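Hello,

I am passing on a structure that you have not worked with before. Please look through it first; notes on what was found follow below.

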Amino acid sequence: MSEQQGHDGLSFRQSVDHMVDHAISLMDLKDGMGDALKACHSVLQVSFPVEIDGKAEMFTGWRAVHSDHRLPSKGGIRYAPQVDQDEVEALAALMTYKCAIVDVPFGGSKGGLEIDPRKYTQQQIEAITRRFARELINKGYLSPAKNVPAPDMGTGPKEMGWMTDTYRQLFPNDINYMGSVTGKPVEHGGVRGRNEATGRGVQYALREFFRHQDEVERTGMTGSLKDKAIIVQGLGNVGYHAAHFLQKEDQARIIAIIERDGAVVNPEGLDVAAVHNHIAVQGGVRGYPGGTFEAEGERILELDCDILIPAALEGVIHTDNAPNIKARLIAEAANGPVTFEADRILRERGVEIIPDAYCNAGGVIVSYFEWIRNLAHVRFGRLDKRFHEARGQHIVTAIEMATDTEVPEWVRNELCRGADEFDLVRSGLDDTMRLAFQDIMEKRRTHPEINDYRMAAYVIAIQKIARSYQDIGY
Ligand code: NAD
């Protein structure tokens, strides 16, 4: 197994394992259970050729199944040049804990392809994706019942659509073929709200945190998200949606955005949608007119702010920069952005962290909704939207008759609106994020030996998984 050493001398997987070991040390688990929990059940490595510009080019990819105590196993597929087996195993383990924390009945899996997708045309990416999917399908690592991929870094709805279509071509008699992959385009069986889900989940996690003032006070902050100074690293799928919704709906101030080519800073607040458009056209933040450009983007992680949202890569906060981080709260939108050692330093410095295994679970929560929708073969809201609209109308009529007063227009509109798929998905996501944070908070409050959210979240996950292993056997 290749084990890329991270900044602090630990690979990503070792970093995750150390965090889990720490949680296990706070628990009273049956002998051997810790090892059973941490073990990655199976890993597939595939190498395959695809014809690129008239000659065969080799590609290598992985799919790791960390746990299959619940089926299907679930987790994204990442396209990035630095992907390796260690990274995929670490991400698969995080998926297991994530699903347990937010009560999504899946095992944990993750995939990756070693590729820089920006170097290929869309047609080439399609050919590579279809070939990778065929390898995974033929070897039992992609199907609606056993292993269901989703988007991650470098992949999106298009790749998911091609994978689903590849599965359909190989298994045309599988009536549930749509459930073989989530994060698909809406026109091809995707659910409304999946594309925004992970960033939306980060917003809901932060909103829930700010509903509990005693938790907020621990950070030295007060009040709501309004006017809080936020730095975001990575304006991709997760970072963009989180930053955009926090700015637009919670009136937070996005004071810096860090991208591959550097960072753009404006203490008055950046226009997230405008920066996003600029990146789409220019390929980076350099030259964005509404802020100051800083070529050494990583340094901006250390800028004074209320909330830091790393939403790009793992291991970006490490022993060298952790002592200089000024944020009072870190919301881990990316997987593994804080190394094991940096986590210790930040805890000692009193910086609160909303951990990845909870904070970025919005994607898998809505993937769960999409999978259910695909197996049910019906869009959410299709059966009852008009029924609820009619019932709302009856309530309005009853109020008006009883009071002899006209109900204000906005009340009428609210009462007479049946929920569509977007409303239902957002509502289910919000509810799940709120309940999971309340569980984490409660665990921390009631167990004095647990003094951070990450450990509280891991203890919850490990208790649930250990119970499941004990009930059904390892
Ligand atoms: P993405 O590919 O859409 O976006 C990643 C962004 O980070 C891009 O804008 C890229 O330019 C930027 N970036 C890359 N290297 C950078 C660097 N060195 N400095 C600053 N910016 C850099 O990926 P994504 O889907 O948004 O995923 C981001 C993170 O969130 C990953 O850790 C991923 O595992 C995690 N995550 C994603 C999902 C999902 O649903 N997409 C779900 C859960 C967790």
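Predicted model: local features only at pLDDT ≥ 70, side-chain atom pairs only at ≥ 80, totals over all residues.

**Strand pairing, helix packing and a cavity**

V46 stands opposite G61, a residue of strand 2.

Strand 1 and strand 2 (residues 55–65) run antiparallel to each other and are joined over 11 bridges. In general, the strands of a sheet pair through backbone hydrogen bonds, in either a parallel or an antiparallel way. Both strands belong to an open sheet of 5 strands, ordered 1-2-4-3-5, in which the pairing is mixed. Strand 1 (42–52) and strand 5 (147–151) are at the edges; each has a single partner strand, so one side of each has no neighbour in the sheet. On average, neighbouring strands here are turned by 25° against each other, with direction ignored.

There is also an open sheet of 7 strands, with the order 9-8-7-6-10-11-12 and again mixed pairing. Its edge strands are strand 9 (292–294) and strand 12 (352–354), each of which pairs on one side only. The twist from one strand to the next averages 20°. At one end of that order, strand 8 (residues 262–265) pairs with strand 9 in the antiparallel sense over 3 bridges. Within this stretch, V264 is placed opposite F293 of strand 9.

Now to the helices. Helix 1 packs against helix 10 (residues 340–348) at an angle of about 50°, and the two axes lie 8 Å apart. Because of that angle, helix 1 counts as oblique to helix 10. On the helix 1 side the contact is made by S15, H18, M19 and H22, and on the helix 10 side by F340, D343 and R347. Sorted by class, this contact has 2 nonpolar, 3 polar and 2 charged residues.

Which residues line the largest cavity? They are F12, S15, V16, M19, L94, G336, V338, D356, R454 and Y458. Helix 1 (12–25) and helix 16 (453–472) are the elements that give two or more residues to this lining. The largest share, 4 residues, comes from helix 1. By class, the lining has 6 nonpolar, 2 polar and 2 charged residues. The volume of this cavity is about 60 Å³, and the structure holds 1 cavity of 30 Å³ or more.

Regards

How values were computed: Residues numbered from 1 in each chain as written. Heavy atoms only, no water. 1 Å grid on protein atoms, 1.4 Å probe; cavity = no way out; pocket = protein on both sides within 12 Å on 5 of 7 lines; lining within 4 Å. Points joined across faces, edges and corners; volume = space filled by probe spheres on them. Nonpolar A, V, L, I, M, F, W, Y, C, P; charged D, E, K, R; others polar. Pairing = 2+ DSSP bridges. Axes fitted to C-alpha atoms, helices over the stretch in contact; angles between N-to-C directions. Parallel < 35°, antiparallel > 145°, perpendicular 65-115°, else oblique. Contact = heavy atoms within 4.5 Å.
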